[in-house]
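This text walks through one protein model, residue by residue and then pocket by pocket. Keep the sequence and the 3D view at hand while reading.

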Amino acid sequence: MGLVNHTWTQSFLLAGFTTTGSLRPLAFLGTLCIYLLTLAGNLFIIVLVQADSRLSTPMYFFISVLSFLELWYVSTTVPTLLHTLLHGRSPISSTVCFVQLYVFHSLGMTECYLLGVMALDRYLAICRPLHYHALMSRQVQLWLAGATWAAGFLAALVPASLTATLPFCLKEVAHYFCDLAPLMRLACVDTGWHAQVHIAVIGIINACNLVLILGLYGGILRAVLKLPSAASRAKAFSTCSSHITVVVLFFASAFIVYVGPPESHPEGTDKLIALVYTFLTPFLNPIIYTFRNKEVREAVRRVTQSIRAMMKRP
């Protein structure tokens, strides 16, 4: 890594992934295709939920909010990933780097809160069906969605501001975007205290939301097991399986990367694991949540028929 003789650097170098000359164009094109498919898939969900009135339920409202979040989440890091794949080590100004760090963690914490809200929605739908629509009114949905964004962007201020005020003696970031651990490795001072604060903030937020989700699913499990038929139990579980899959992917990768001192992770490991929650999960979310869903397939058919009918009109 490049050494500089001052404690404030105006720019960093993103190392990205090491690829040979022949593999670089293939890696770039493959990443670009998945990125465009991710944008198209999540945008498709947002448009479909708005276009089909039968999807105007709290569950699909929160799925559309998640898709909107994923559009920004994936667009925060993938452009710099594409740039490093195409050009190798890439310079990034310190201002852009710290803005990327803040926005990335704000969106990540927002998703953490949103997954908890989605678990609450499933709990009320299954365990309180008679009061569900009263408890989860449109006003409550909008309030919960807004609260997740506000809480996420406020919580990210602590780790982002602490990292941005560090003095840096090195400038090569061993990652494809600006993240906490790779940046702290470049500091001129001991970052043990900073790491503890990061672990406390990110770890507590993740742990509390995970405990909430597990507790809600414990209540769902008890309620489902009391249902009289196997068919009704299977239907109830099917509405939760997609959410559980995303929760496992998100929290497993988040705890591996962020809950633990930076030196505990071998250099290069963070960016491999980061691909799961910054790139793979946003790509899989439209498939996991909707394309395997019978209601969504029927909604696609209805919207397609409506479009065809409009096009046939003179």
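Begin with Tyr 176, which sits in the loop between strand 3 (172-173) and helix 7 (180-184). The model is a predicted one. Tyr 176 has a relative accessible area of 1%, and because buried means under 20%, Tyr 176 is buried. Leaving out residues up to four places away in sequence, Tyr 176 touches Leu 14, Gly 16, Phe 17, Thr 77, Thr 80, Leu 81, Thr 84, Lys 271, Ala 274, Leu 275 and Thr 278. With one of these, Thr 278, there is also a polar contact from side chain to side chain, at 2.7 Å. His 243, by comparison, is 67 residues from Tyr 176 in sequence, and the two C-alpha atoms are 28 Å apart in space.

Tyr 176 also belongs to an aromatic cluster, together with Phe 17, Tyr 73, Phe 104, Phe 177 and Tyr 277. Across the whole structure, a search finds 14 aromatic pairs. One of them joins Phe 68 and Trp 72: the ring centres are 6.3 Å apart and the planes stand at 75°, so this pair is edge-to-face. Both residues are in helix 2, and because they are four residues apart there, about one helical turn separates them. Phe 68 is partly exposed, at a relative accessible area of 40%.

Another edge-to-face pair is formed by Phe 250 and Phe 251, with 5.2 Å from centre to centre and 85° between the planes. Phe 250 is buried, at 5% relative accessibility. Phe 251 is buried as well, with a relative accessible area of 3%.

Next comes Ile 45, whose place is in helix 1 (residues 23-51). Is Ile 45 buried or exposed? Its relative accessibility is 3%, so Ile 45 counts as buried. Apart from neighbours within four places in sequence, Ile 45 is in contact with Ile 63, Ser 64, Ser 67, Pro 286 and Thr 290.

Arg 302 is found in helix 11. Its relative accessible area is 16%, and since the limit for buried is under 20%, Arg 302 is buried. Which residues does Arg 302 touch, not counting those up to four places away in sequence? They are Asp 52, Arg 54 and Glu 295. The side chains of Arg 302 and Asp 52 also make a polar contact, at 2.8 Å.

The last stop is the largest pocket, with a volume of about 790 Å³. It is lined by 29 residues, and the closest to the pocket centre are Met 59, Arg 122, Thr 239, Asn 293 and Glu 295. Two or more lining residues come from each of helix 2 (58-87), helix 3 (94-127), helix 4 (132-135), helix 9 (230-258), helix 10 (269-291) and helix 11 (294-312). Helix 9 contributes the most, with eight residues. Sorted by class, the lining has 13 nonpolar, nine polar and seven charged residues. Glu 295, one of the residues closest to the centre of this pocket, is also touched by Arg 302.

Methods
Residues are numbered from 1 along each chain as its sequence is written. This is a predicted model: local features need pLDDT of at least 70, side-chain atom pairs count only at pLDDT 80 or more; totals for chains, interfaces and linings use all residues. Side-chain values use heavy atoms; hydrogens and water are left out. On a 1 Å grid over the protein atoms alone, a cavity is a set of points where a 1.4 Å probe fits but cannot get out, and a pocket is an open set with protein on both sides within 12 Å along at least five of seven lines; lining residues have an atom within 4 Å of a point. Grid points are joined across faces, edges and corners, and a volume is the space filled by probe spheres set on the points. Ala, Val, Leu, Ile, Met, Phe, Trp, Tyr, Cys and Pro count as nonpolar, Asp, Glu, Lys and Arg as charged, and the others, Gly among them, as polar. Rings of Phe, Tyr and Trp (its six-membered ring) pair if their centres lie within 6.5 Å; planes under 30 degrees apart count as stacked, over 60 as edge-to-face and the rest as tilted. Buried means under 20% relative accessible area, exposed over 50%, partly exposed in between (1.4 Å probe, protein chains only). A polar contact is a pair of N or O atoms within 3.5 Å; within protein, one must be able to donate a hydrogen and the other to accept it, and residues adjacent in sequence count only if both atoms are side-chain atoms. Contact means heavy atoms within 4.5 Å.
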